Amino acid sequence: MGTPETSREPCPDRILDDIGGAFGMGAVGGSAFHFLKGLYNSPKGARFIGASQAVRLNAPRVGGSFAVWGGLFSSFDCTMVYLRQKEDPWNSIFAGAATGGFLSMRQGLAASARSAAFGGVLLALIEGAGIMLNKFLSAQQQMPVIMDEPLPGGYPNGGFPGLQAPPTVEPESQSWFGGWFGEGKKKDEAASAGGGSETKILESFDAPPVPKFEYK
């Protein structure tokens with residue numbers, strides 16, 4: 001999974017991309033906000049008309065403000081990429097601080113410094129949340145998923161009725177005491193059982209009579 005820096009457009013195209021995305025986000029969000037505000041402030045019988053007029057008057061302005069902020073942010077971001085020759089979250093943090101300070105420059109140095117600090121902190125929080133989300137998603141993808149599903153139908157051997165499950169074989173004891181007492185006893189019993197069966201087979205076997213060829 002790519003990081004937010006590597007998944008974005010390259011730097012020359014990034015400015016136009018961010019301007020369009022910021023304008024669309026501001027226009028949609030401003031339309032929803034001013035539509036609800038127009039419904040609340042309009043008199044009865046003309047609420048829908050008042051809400052539509054509020055959207056028509058204010059949504060382009062909000063979208064334009066967002067577009068200006070997005071264009072300046074991308075411009076400062078591309079400048080930091082060109083100067084530092086690498087992509088990392090620090091570029092976005094510096095770009096956010098520079099954008100906030102530049103937009104508040106007409107209100108004085110103190111207001112510009114406050115806006116720069118606010119923009120830097122806001123972008124730091126956004127970048128930190130993005131990094132944590134990427135780490136969480138990558139950890140979830142690398143974690144193996146083990147699912148214990150019961151056999152269908154409740155029957156053994158793949159769920160087919162009429163088939164019996166294979167007998168379970170108990171493992172032999174692998175302990176030191178088992179090697180001296182348990183396993184030796186089992187081997188002796190098996191040998192004695194096998195010898196008895198061979199003796200019985202030999203006793204029950206009668207050889208046929210051998211023919212004699214004698215001339216009388």
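Residues are numbered from 1 along each chain as its sequence is written, and side-chain values use heavy atoms, with hydrogens and water left out. Because the model is predicted, local features need pLDDT of at least 70 and side-chain atom pairs count only at pLDDT 80 or more, while totals for chains, interfaces and linings use all residues.

## Overall architecture

The protein chain has 6 helices and 0 strands, where helices (H or I, at least four residues) and strands (E, at least two) are DSSP runs numbered from the N terminus. Read along the sequence, the pattern is α-α-α-α-α-α. Of the 216 residues of the protein chain, 22% count as buried; buried means under 20% relative accessible area, exposed means over 50%, and partly exposed lies in between (1.4 Å probe, protein chains only). Among contacts (heavy atoms within 4.5 Å) between residues at least 6 apart in sequence, 52% join residues at least 24 apart.

## Helices 3 and 4

The expected span of a helix is 1.5 Å times one less than its number of residues. The 15 residues of helix 3 should on this basis span 21 Å, which agrees with the 21 Å between its end C-alpha atoms. Helix 4, with 34 residues, reaches 49 Å from its first C-alpha to its last, close to the 50 Å expected.

The buried residues of helix 3 are Asn-91, Ser-92, Ile-93, Ala-95, Gly-96, Thr-99, Gly-100 and Gly-101, and they pack against helix 2 and helix 4 (109-142). In helix 4 the buried residues include Ala-111, Ser-112, Gly-119, Gly-120 and Leu-123, together with Glu-127 and Asn-134; the buried residues of helix 4 pack in turn against helix 2 and helix 3.

Ser-104 is found in the loop between helix 3 and helix 4 and is buried, with a relative accessible area of 11%. Leaving aside neighbours within four places in sequence, Ser-104 is in contact with Ala-111, Ser-112 and Ser-115, and two of these partners, Ala-111 and Ser-112, are listed among the buried residues of helix 4.

The loop between helix 2 and helix 3 holds Gln-85, a residue other than glycine whose phi is positive, near 60 degrees. Most residues other than glycine have a negative phi. Gln-85 counts as exposed, at 61% relative accessibility.

## Aromatic pairs

A search of the whole structure finds 4 aromatic pairs, a pair being rings of Phe, Tyr and Trp (its six-membered ring) whose centres lie within 6.5 Å, with planes under 30 degrees apart counted as stacked, over 60 as edge-to-face and the rest as tilted.

Phe-35 is partly exposed, with a relative accessible area of 28%, whereas Phe-48 counts as exposed at 59%. The other pair joins Phe-76 of helix 2 to Phe-102 of helix 3 (residues 89-103), and so ties together parts that are 26 residues apart in sequence. Phe-76, at 27% relative accessibility, counts as partly exposed, and Phe-102, at 42%, also counts as partly exposed.

On a 1 Å grid over the protein atoms alone, a pocket is an open set of points with protein on both sides within 12 Å along at least five of seven lines, and lining residues have an atom within 4 Å of a point; grid points are joined across faces, edges and corners, and a volume is the space filled by probe spheres set on the points.

Asp-18, Gly-21, Ala-22, Met-25, Ser-65, Phe-66, Trp-69, Gly-70 and Phe-73 line this pocket. Helix 1 and helix 2 are the elements that give two or more residues to the lining, and helix 2 gives the most, with 5 residues. The lining divides into 5 nonpolar, 3 polar and 1 charged, where Ala, Val, Leu, Ile, Met, Phe, Trp, Tyr, Cys and Pro count as nonpolar, Asp, Glu, Lys and Arg as charged, and the others, Gly among them, as polar.

Arg-8 is placed in the segment before helix 1 (11-41) and is partly exposed, with a relative accessible area of 26%. Not counting residues up to four places away in sequence, Arg-8 touches Arg-14, Asp-18, Phe-73, Ser-74, Asp-77 and Ser-92; of these, Asp-18 and Phe-73 also line the second largest pocket. Arg-8 and Asp-18 are 10 residues apart in sequence and 9.8 Å apart in space, C-alpha to C-alpha.

Terms used. On a 1 Å grid over the protein atoms alone, a cavity is a set of points where a 1.4 Å probe fits but cannot get out, and a pocket is an open set with protein on both sides within 12 Å along at least five of seven lines; lining residues have an atom within 4 Å of a point.
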